[in-house]
Amino acid sequence: MSIPTRAGVFDALVAGPPEGRPVLLLHGFPETGRAWRRQIEALAADGYRVVAPDQRGYSPGVRPERPEEYGIGALVDDVVAITEELGWATFDLVGHDWGGAVAWWTADAHPDRLRTLTVVSTPHPGALAEAMRTDEDQRARSTYMRDWRETPATEDRMLADDARQLRSLYAGRIPQDSVDAYVRHLSEPGALTAALNWYRSGRPENAIGVIDVPTLYVWSPEDIAFGPAAAQESGKWVGGPYRFETLPGISHWIPEEAPEALNRLLLEHLRAYGD
């Protein structure tokens, strides 16, 4: 499906009955909407209308060149534009990795638009910022972000030798056909630079607040990027109903590594806040 907006045309995977309750799924780096394949199947089978767009930079039709055009404000605006084009006055929002960050910020900026929020892996940005200041473990985990922002040759390194470094990021936890699909997608001219521009866009202009939307946060102890300090403190940043679930033995790639467990939690959360 193609979704035209003022920013450009987003590619998206779509499933479920058109009249079903709408759910938007936001992927992270370095993936596409394909990361949600198993969630799309489960949600559509349960009667939900599911849309998983390739986000800004990942969709060729929305691939601006300047890093500053990938700031969090623009990414949240994309969520609003996509859902308005779809005719969704309210919807359930789900995000993983960078998509999780966008989901937190969208819930802060547009709580009236969201029925529920589900975030996978990514702590609340306020909790993560606090952990970066006070927790040496989290600072160590996050050094890669600085490297990717400050090193113009990152793309060359990641794509060299049949994208050996890029492939290593998935740590053998994602099905090989998906890894190959992501590598092909990000090997297109300009695609990897656009994806990395999310890291190079600079800090948000405004501070994020407490989230009042009913929230499910799912984290895994073997996540290499996000440690326990930020994960466990995220609940302090949610004023509405909050559920925190951990998936032992699972890495950062929860949607594809533990789809059955995530689908169960997600469906329980959505059903708890039905009509």
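**Note on the predicted model: sheet, helices, loops and pockets**

1. Both faces of β5 are covered in this predicted model, with F91, L93 and G95 buried on one side and D92, V94 and H96 buried on the other. In a regular strand the side chains alternate between the two faces of the sheet. Since six of the six residues of β5 are buried, the strand is largely enclosed by the rest of the structure.

2. Which strands does β5 pair with? On one hand β5 runs parallel to β3, to which four bridges join it, and the bridge partner of L26 in β5 is G95. On the other hand β5 runs parallel to β6 (residues 114–120), and here the number of bridges is six; H96 stands opposite V120 in β6. Strands of a sheet pair through backbone hydrogen bonds, either parallel or antiparallel.

3. The sheet to which these strands belong is open and has eight strands, in the order β1-β2-β4-β3-β5-β6-β7-β8, with mixed pairing. Its edges are taken by β1 (2–5) and β8 (242–246), each of which has a single partner strand, so one side of each is left without a neighbour in the sheet. On average, and with direction ignored, neighbouring strands of this sheet are turned by 20 degrees against each other.

4. For α1 (37–45), the buried residues include Q39, I40, A42, L43 and A44. What covers the buried residues of this helix? The cover includes the strands β2, β3 and β4 together with the helices α11 (254–257) and α12 (259–272). After α1 comes G47, which has a positive phi near 95 degrees.

5. F29 and P30 are joined by a cis peptide bond, with omega at about -10 degrees, and P30 is placed in the loop between β3 (22–26) and α1.

6. Two further loop residues have backbone angles to check. D97, placed in the loop between β5 (91–96) and α3 (98–109), has a phi near 55 degrees, which is a positive value in a residue other than glycine. Is D97 buried or exposed? With a relative accessibility of 7%, D97 counts as buried, because the cut-off for that class is under 20%. A171, which is not a glycine either, has a positive phi of about 55 degrees, and its place is in the loop between α7 (154–168) and α8 (176–186).

7. E205 is found in the loop between α9 (191–200) and β7 (215–219). Its relative accessible area is 80%, and E205 is therefore exposed, the cut-off being over 50%. Although E205 and I72 are 133 residues apart in sequence, their C-alpha atoms are 8.7 Å apart in space.

8. Rolling a probe the size of a water molecule over the atoms shows where empty space is left. How much space lies in the largest pocket, and which residues lie nearest its centre? The volume of the largest pocket is about 1,300 Å³, and 42 residues line it, with W98, W105, G202, R203 and P204 lying nearest its centre. By type, the lining of the largest pocket divides into 23 nonpolar, nine polar and 10 charged residues.

9. The second largest pocket holds about 340 Å³ of space. Its lining consists of 17 residues, of which L169, I224, A225, H252 and W253 lie nearest the centre. Of the residues in this lining, 10 are nonpolar, three are polar and four are charged.

Definitions and conventions. Residues are numbered from 1 along each chain as its sequence is written. This is a predicted model: local features need pLDDT of at least 70, side-chain atom pairs count only at pLDDT 80 or more; totals for chains, interfaces and linings use all residues. Side-chain values use heavy atoms; hydrogens and water are left out. Helices (H or I, at least four residues) and strands (E, at least two) are DSSP runs, numbered from the N terminus. Buried means under 20% relative accessible area, exposed over 50%, partly exposed in between (1.4 Å probe, protein chains only). On a 1 Å grid over the protein atoms alone, a cavity is a set of points where a 1.4 Å probe fits but cannot get out, and a pocket is an open set with protein on both sides within 12 Å along at least five of seven lines; lining residues have an atom within 4 Å of a point. Grid points are joined across faces, edges and corners, and a volume is the space filled by probe spheres set on the points. Ala, Val, Leu, Ile, Met, Phe, Trp, Tyr, Cys and Pro count as nonpolar, Asp, Glu, Lys and Arg as charged, and the others, Gly among them, as polar. Two strands pair if DSSP finds at least two bridges between them. Axes are lines fitted to C-alpha atoms, for helices over the stretch in contact, and angles run from 0 to 180 degrees between N-to-C directions. Contact means heavy atoms within 4.5 Å.
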